[in-house]
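Trainee: Could you take me through this model slowly, one question at a time?

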Amino acid sequence: MGTPAAPDNGRFRVLVVEDDDVIGHHLETGLRGNGYTAAWSRTGAAALTEASRTPYDALLLDLGLPDMDGLDVARTLRNRFRDLLIVILTARTDDIDVIAGLDAGADDYLVKPFTLTVLLARLRAHLRRRTLTTPVQNQPIHLGDLVINPTARRCTLHNTEVPLRPKEFELLALLARHAGEAVSRETLMAEVWDENWFGSTKTLDVTMAALRRRLTDAAEPLPVPTRLPRITTLRGHGYRLEL
Ligand code: CA
């Protein structure tokens, strides 16, 4: 017997990371049966690949994976996706493991064995709260004639696709979310690349130059006047996107 699903569950994508066939299959089918979009990865490496390919709202993460520690998966994905809901599924009941999991960036944990009903209730509570607190995070952003769709990872100008590399897109999306505001180089490096980035920030300059070029290249052949946002360099600080 299932729990009544929230009517809009289909908007939520859940990635199950679990090497146990029985549990993994049970979770994937249970989530789908309750209206979620669900996928299942059996290893940490597969999960990292899958999460970078498709945007997910939530991750159900087993800690004991065959190829790597689930804590490392949590840490890596938390660095990359600040809004991803991470729920650790663990057979470990020691407090120290739970603390390590939360320190690694998990939002919640469930100790095995748990029932699907309890898992679904927790997911609903988390996702409801998230929807209330960050309603605009995944909404398309309209700036003049430019539309940035974070969920589809597409950028269009007058309905024409602007081809962007992943980092160029993330940079543009981040600036667009803060349109009209100054965004520091440190923030851009931390959010688009890695929180623990200690390398040269030349990467940022190169990516920014490429992004500007792609936007002007996209606008040039269009037969109509185009309202294209401008990226202003703020010397010694960072950048600001504005119309
Ligand atoms: Ca396991």
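Mentor: Axes here are lines fitted to C-alpha atoms, for helices over the stretch in contact, and angles run from 0 to 180 degrees between N-to-C directions. Helices (H or I, at least four residues) and strands (E, at least two) are DSSP runs, numbered from the N terminus. The model is predicted, so that local features need pLDDT of at least 70 and side-chain atom pairs count only at pLDDT 80 or more, while totals for chains, interfaces and linings use all residues. Residues are numbered from 1 along each chain as its sequence is written, and side-chain values use heavy atoms, with hydrogens and water left out.

Trainee: At what angle do helix H6 and helix H7 pack?
Mentor: H6 covers residues 166–177 and H7 covers residues 185–193, and their axes lie 10 Å apart. Angles under 35 degrees count as roughly parallel, over 145 as roughly antiparallel, 65 to 115 as roughly perpendicular and the rest as oblique. H6 is therefore oblique to H7, since the packing angle is about 130 degrees.

Trainee: Which residues of H7 make the contact with H6?
Mentor: Contact means heavy atoms within 4.5 Å. On the H6 side, the contact is made by Lys167, Glu170, Leu171, Leu174 and Leu175. Facing them from H7 are Thr187, Leu188, Glu191, Val192 and Trp193.

Trainee: How far apart are the axes of H6 and helix H8?
Mentor: H8 spans residues 202–219 and packs against H6 at an angle of about 80 degrees, which makes H6 roughly perpendicular to H8. Lys167, Glu168, Leu171, Leu172 and Leu175 of H6 touch Leu204, Thr207, Met208, Ala210, Leu211, Arg214 and Leu215 of H8. The axes of this pair are 9 Å apart.

Trainee: Which residues of H8 are met by H7?
Mentor: H7 and H8 pack at an angle of about 85 degrees, with their axes 10 Å apart, and they are therefore roughly perpendicular to each other. Arg185, Leu188, Met189 and Trp193 in H7 meet, in H8, Thr203, Leu204, Asp205, Thr207 and Met208.

Trainee: Which residue is joined to Lys112 by a cis peptide bond?
Mentor: Most peptide bonds are trans. Here omega is about -5 degrees, and the proline concerned sits in the loop between strand S5 (108–111) and helix H5 (116–133). The partner of Lys112 is Pro113.

Trainee: What is the phi of Arg153?
Mentor: Arg153 lies in the loop between strand S7 (146–149) and strand S8 (154–157). Although Arg153 is not a glycine, its phi is positive, at about 50 degrees.
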